[in-house]
Structure formats: C-alpha cells, structure tokens
Amino acid sequence: QVQLVESGGGLVQAGGSLRLSCAASRSTFSINVIGWYRQAPGKQRELVARISSGGSTNYADSMKGRFTISRDNAKNTVYLQMNSLKPEDTAVYYCNAGPNLYRSGTYWGQGTQVTVSS
C-alpha cells in the first residue's frame with residue numbers, strides 16, 4: 001500500500017541534465033510531503049529538496065539554482081529536475097514521504113543511481 005519507486009538515474013556527462021521520478025502509490029502520495037535525498041559513497045545522506053501537497057518547497061541551500069522539485073498529482077509522481085550536473089552530484093538519490101516539510105519522513109524508496117562523469 002505504501003510505496004515509493006525512484007527512476008530516471010543513469011550516467012551523464014558534466015554539464016548535462018537528468019530528471020528523476022518518484023512514483024508513489026495513491027496512499028503514499030496522500031502523505032503531505034515528499035522529498036528527495038542523496039547519498040554519495042562514504043558520505044552521509046543529505047537533503048536535496050522537499051515539496052508539500054500544496055506545492056510549498058524546501059531546498060537544501062547547496063541545491064538551490066540547479067535542482068527543481070515538482071509534483072504531478074494526477075500521476076502520483078514527484079520529479080527532480082537536475083541541470084548543470086557536476087561530478088560531485090554523483091550519488092544514489094532517494095525519495096521520502098512524511099508529514100513535515102522540514103524533516104525526513106517514515107517512508108523511503110529504494111534509490112536510483114546518478115553518475116556524473118567529468
């Protein structure tokens with residue numbers, strides 16, 4: 001019933017773009033906030049951005065400008081548009097669902113790998 005499935009990751013050259021998708025079950029999408037996080041090898045998981053059911057957003061400061069989070073309620077999907085990618089953006093990207101725009105929630109997806117080559 002509660003499910004988050006990420007897709008859209010892959011290998012891209014520096015300066016390129018990717019759009020990640022987080023497809024949620026209807027019950028999961030009804031949770032107020034869905035966010036994107038990332039974790040690079042040997043690094044802590046960090047916030048990318050979150051979006052509420054009403055469209056309010058909360059970005060990590062380091063992600064502002066190049067990354068954009070959005071949601072399509074008709075498709076039960078949240079997107080992360082990533083532009084001007086850098087090698088340091090290489091990580092596994094996860095989606096997460098919870099009630100709070102300012103903290104992580106209970107439910108996590110399996111992750112999708114993003115690799116940016118120099």
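## Basis of the model

The model is predicted: local features need pLDDT of at least 70, side-chain atom pairs count only at pLDDT 80 or more, and totals for chains, interfaces and linings use all residues. Residues are numbered from 1 along each chain as its sequence is written, and side-chain values use heavy atoms, with hydrogens and water left out.

## The four-stranded sheet

Strands here are DSSP runs of E, at least two residues long, numbered from the N terminus. Four of them make an open sheet in the order β1-β3-β8-β7, with antiparallel pairing. Strands count as paired if DSSP finds at least two bridges between them. β1 (4-7) and β7 (67-72) are the edge strands; each has a single partner strand, so one side of each lacks a neighbour in the sheet. From one strand to the next, the twist averages 20°.

β1 pairs with β3 (residues 18-24) in the antiparallel sense, over four bridges. Glu-6 has Cys-22 in β3 as its bridge partner.

## The nonpolar core

The largest nonpolar core has 30 residues. Such a core is a set of buried Ala, Val, Leu, Ile, Met, Phe, Trp, Tyr and Cys residues joined through side-chain atoms within 4.5 Å. Buried means under 20% relative accessible area, exposed means over 50%, and partly exposed lies in between (1.4 Å probe, protein chains only). Trp-36, Leu-80, Met-82 and Tyr-93 have the most contacts inside this core. The elements giving two or more residues to the core include β3, β4 (33-39), β5 (46-52), β8 (77-82) and β9 (91-98).

Arg-66 sits in the loop between β6 (57-59) and β7. Arg-66 is buried, at 19% relative accessible area. Leaving aside residues up to four places away in sequence, Arg-66 touches Gln-81, Met-82, Asn-83, Ser-84, Leu-85, Lys-86 and Asp-89. Contact means heavy atoms within 4.5 Å.

Most residues other than glycine have a negative phi. Asn-76 has a positive phi of about 50° although it is not a glycine. Asn-76 lies in the loop between β7 and β8 and is buried, with a relative accessible area of 19%. Ser-84 also has a positive phi, near 50°. Ser-84 belongs to the loop between β8 and β9 and is partly exposed, at 41% relative accessible area.

## The disulfide

The whole structure holds one disulfide, defined as a pair of cysteine sulfur atoms within 2.5 Å. Cys-22 and Cys-95 form it, with their sulfur atoms 2.2 Å apart. The torsion about the S-S bond is about 70°, so the disulfide is right-handed. The pair links distant parts of the chain: Cys-22 is in strand β3 and Cys-95 in strand β9, 73 residues apart. Cys-22 is buried at 0% relative accessibility. Cys-95 is buried at 0% as well.

## The aromatic cluster

The structure has two aromatic pairs. Rings of Phe, Tyr and Trp (its six-membered ring) pair if their centres lie within 6.5 Å; planes under 30 degrees apart count as stacked, over 60 as edge-to-face and the rest as tilted. Tyr-94 and Trp-108 have ring centres 6.5 Å apart and planes at 85°, so the pair is edge-to-face. Tyr-94 lies in strand β9 and Trp-108 in strand β10 (residues 107-108), so the pair ties together parts 14 residues apart in sequence.

Tyr-94 is buried, with a relative accessible area of 14%. Trp-108 is partly exposed, at 33%. Tyr-37, Tyr-94 and Trp-108 form one aromatic cluster.

Terms used:
Axes fitted to C-alpha atoms, helices over the stretch in contact; angles between N-to-C directions.
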